[in-house]
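The sequence and the structure come first.

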Amino acid sequence: MTLSEHGWNAIMTMATLATHMGAEALRLKDIRAQVKVSRPYMERTLAKLRQAGLVEGIRGTGGGYYLSKPAHQITLAEIVTAAESPEPHAQWLDMQPTTVEQLVTQEIWREMDNKLHSLLSSVTLGSLLRIEQRRPSYKPGLTARLIAKMFPPRLPETGMAY
């Protein structure tokens with residue numbers, strides 16, 4: 001499992017939708033205002049989340065998006081898995097290592113992969129909202145912004161945070 005900009009944007013999108021649960025469907029432009037991504041990017045993200053069964057959409061005037069199930073039933077692992085492209089290292093993990101270095105590296109990657117998946121599987125969207133709502137200065141969307149700070153986008157050529 002990997003966690004890239006796609007994954008954290010999807011988590012921010014879902015957190016934004018979760019803060020508006022029970023209200024009317026949230027319009028694409030309102031979600032984009034919170035997540036701060038382009039319209040085509042947000043449409044692709046929402047399409048992936050919809051295909052995974054995490055969000056539903058309503059077309060037409062008054063339409064928008066909403067969570068397809070309660071926030072406490074959605075794990076961060078589900079969100080990231082839906083948003084991320086197939087993992088480039090997954091195929092490498094299944095290869096038979098031919099050197100000790102490859103074996104060691106493969107085991108380290110496998111362990112990191114398992115730990116990240118375990119961590120993301122243990123956190124639900126609902127638990128993020130409960131943390132946010134306990135804050136004295138509660139504002140909808142704060143969790144999404146906190147997640148963005150935890151996982152800053154990386155510069156493609158260097159891998160360093162912006």
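The protein chain has eight helices and two strands; helices (H or I, at least four residues) and strands (E, at least two) are DSSP runs, numbered from the N terminus. Their order along the sequence is α-α-α-β-β-α-α-α-α-α. This is a predicted model, in which local features need pLDDT of at least 70 and side-chain atom pairs count only at pLDDT 80 or more, while totals for chains, interfaces and linings use all residues. Residues are numbered from 1 along each chain as its sequence is written, and side-chain values use heavy atoms, with hydrogens and water left out.

**Whole chain**

Of the 162 residues in the protein chain, 37% are buried. Buried means under 20% relative accessible area, exposed over 50%, and partly exposed in between (1.4 Å probe, protein chains only). The accessible surface comes to about 9,900 Å², and carbon and sulfur atoms hold 56% of that area; the areas come from the Shrake-Rupley method with a 1.4 Å probe, and for residues only the protein chains shown count as cover. Among contacts in the protein chain with a separation of 6 or more, 63% join residues 24 or more positions apart. Contact means heavy atoms within 4.5 Å.

Helix 1 is mostly covered, with 13 of its 15 residues buried. Its end C-alpha atoms are 21 Å apart, which agrees with the 21 Å that its 15 residues should span at 1.5 Å a residue. The expected span of a helix is 1.5 Å times one less than its number of residues.

Two packed helices are described by the angle between their axes and the distance between the axes. The axes of helix 1 (residues 5–19) and helix 3 come within 10 Å and cross at roughly 75 degrees. Axes here are lines fitted to C-alpha atoms, for helices over the stretch in contact, and angles run from 0 to 180 degrees between N-to-C directions. Helix 1 and helix 3 are therefore roughly perpendicular to each other; angles under 35 degrees count as roughly parallel, over 145 as roughly antiparallel, 65 to 115 as roughly perpendicular and the rest as oblique. Helix 1 contributes Glu5, His6, Asn9, Ala10, Thr13, Met14 and Leu17 to the contact, and helix 3 contributes Tyr41, Met42, Thr45, Leu46 and Leu49. By class, this contact has seven nonpolar, four polar and one charged residues. Ala, Val, Leu, Ile, Met, Phe, Trp, Tyr, Cys and Pro count as nonpolar, Asp, Glu, Lys and Arg as charged, and the others, Gly among them, as polar.

Methionine 14 lies in helix 1 and is buried, with a relative accessible area of 0%. Leaving aside neighbours within four places in sequence, methionine 14 is in contact with Leu49, Leu54, Val55, Leu67, Ile74, Ile79 and Leu125.

The axes of helix 2 and helix 3 come within 10 Å and cross at roughly 105 degrees. That makes helix 2 roughly perpendicular to helix 3. On the helix 2 side, Leu28, Ile31, Arg32 and Val35 meet Arg39, Met42, Glu43 and Leu46 of helix 3. By class, the contact has five nonpolar, no polar and three charged residues.

Leucine 28, in helix 2, counts as buried at 11% relative accessibility. Not counting residues up to four places away in sequence, leucine 28 touches Arg39, Met42, Glu43, Leu46 and Tyr65.

Lysine 36 sits in the loop between helix 2 (28–35) and helix 3 (39–51). Its phi is near 60 degrees, a positive value in a residue other than glycine. At 66% relative accessibility, lysine 36 counts as exposed.

Helix 6 (residues 100–122) has 23 residues and reaches 33 Å from its first C-alpha to its last, close to the 33 Å expected at 1.5 Å a residue. Gln106, Asp113 and Leu120 are buried in helix 6. For glutamine 106 the relative accessible area is 5%.

Valine 123 belongs to the loop between helix 6 and helix 7 (125–133). Apart from neighbours within four places in sequence, valine 123 is in contact with Ile74, Thr75, Leu76 and Leu128.

**C-alpha separations**

| Pair | Residues apart in sequence | C-alpha to C-alpha |
|---|---|---|
| Methionine 14 and leucine 67 | 53 residues | 7.5 Å |
| Leucine 28 and tyrosine 65 | 37 residues | 7.3 Å |
| Glutamine 106 and aspartate 94 | 12 residues | 8.9 Å |
| Valine 123 and histidine 72 | 51 residues | 9.0 Å |
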